[in-house]
Amino acid sequence: MIQAIAKVRGLSKALVACSYGAAVLTLTWLTQDGHLGDAMFGVLAMMLMAFPLSLAGGSLYGTLQQLIYPTKHDDPTYGVNYPYAWDYVLMAWPGIVLAIVLAVLLAWRRTRTAGRVIGWFLAAAVIVTGVVTIFDDWGPRRPYGWPFLVYGLIMATGLIAVGRTAVEEAAAADV
């Protein structure tokens, strides 16, 4: 299977970036809709999955939220007209930006090594999120960890194919 993916030009890179983006969007949906129990679990999992940018996302969250909804907490109408759809965007943007950066790094030959390192780090973060969710003490959360294991394994398969493609390109360049 890995050889077949490696032979299709660009498929392995798209597979890695899209799987990571799907993991971010799945975690955002599960957190915002309450499937993970409390929002804190999902926020901490997102901080792990989108680590470098999640620190900036967490510090900017309040500022961006005030730009979207400038009503103060002491206003009696606070939360009545709040656009809750923006919470999905505010939570997911660091991971989506990281997925785009990963796709760009994997696409260029000069940055492919850095993209593979970041890709393996992100694949490990997605797999750890799945394992932690599955083996959590709170039972209703457990089935929601399986998609993250699948996304992580798809990312790993794609990264192996990216490595094989890089070896084949290097061999072709030497000839």
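At what angle do helix α5 and helix α6 pack, and how far apart are their axes? Helix α5 (residues 85-107) and helix α6 (residues 112-134) pack at an angle of about 140°, and their axes lie 7 Å apart. This is a predicted model in which local features need pLDDT of at least 70 and side-chain atom pairs count only at pLDDT 80 or more, while totals for chains, interfaces and linings use all residues. Residues are numbered from 1 along each chain as its sequence is written, and side-chain values use heavy atoms, with hydrogens and water left out.

**Overall architecture**

- The protein has seven helices and zero strands; helices (H or I, at least four residues) and strands (E, at least two) are DSSP runs, numbered from the N terminus.
- Of its 175 residues, 39% count as buried, that is, under 20% relative accessible area with a 1.4 Å probe and protein chains only.
- Among contacts between residues at least 6 apart in sequence, 68% join residues at least 24 apart; a contact means heavy atoms within 4.5 Å.

**Helices α5 and α6**

- Axes are lines fitted to C-alpha atoms, for helices over the stretch in contact, and angles run from 0 to 180 degrees between N-to-C directions.
- Helices α5 and α6 are therefore oblique to each other, since angles under 35 degrees count as roughly parallel, over 145 as roughly antiparallel, 65 to 115 as roughly perpendicular and the rest as oblique.
- On the α5 side, the contact is made by L98, L102, L105, L106 and A107; on the α6 side, by R112, G115, R116, I118, G119 and L122.
- These residues comprise seven nonpolar, two polar and two charged; Ala, Val, Leu, Ile, Met, Phe, Trp, Tyr, Cys and Pro count as nonpolar, Asp, Glu, Lys and Arg as charged, and the others, Gly among them, as polar.

**Helices α2 and α5**

- Helix α2 (residues 11-32) packs with α5 at an angle of about 170°, with the axes 9 Å apart, and the two are therefore roughly antiparallel.
- Residues of α2 including Y20, G21 and V24 meet residues of α5, among them M91, G95 and L98.
- The contact of α2 with α5 has 17 nonpolar, five polar and two charged residues.

**T133 and the annotated span**

- T133 lies in helix α6 and is buried, with a relative accessible area of 1%.
- Not counting residues up to four places away in sequence, T133 touches L36, F41, R141, R142, Y144 and G145.
- An unreviewed UniProt entry places "transmembrane region" at residues 43-64, 84-108, 117-136 and 148-167.
- The span of residues 117-136 is 90% helix and 0% strand, and its end C-alpha atoms lie 28 Å apart.

Terms used: Buried < 20%, exposed > 50% of the residue type's maximum accessible area, 1.4 Å probe, protein only. UniProt positions renumbered as here; feature names shortened; annotations may be inferred.
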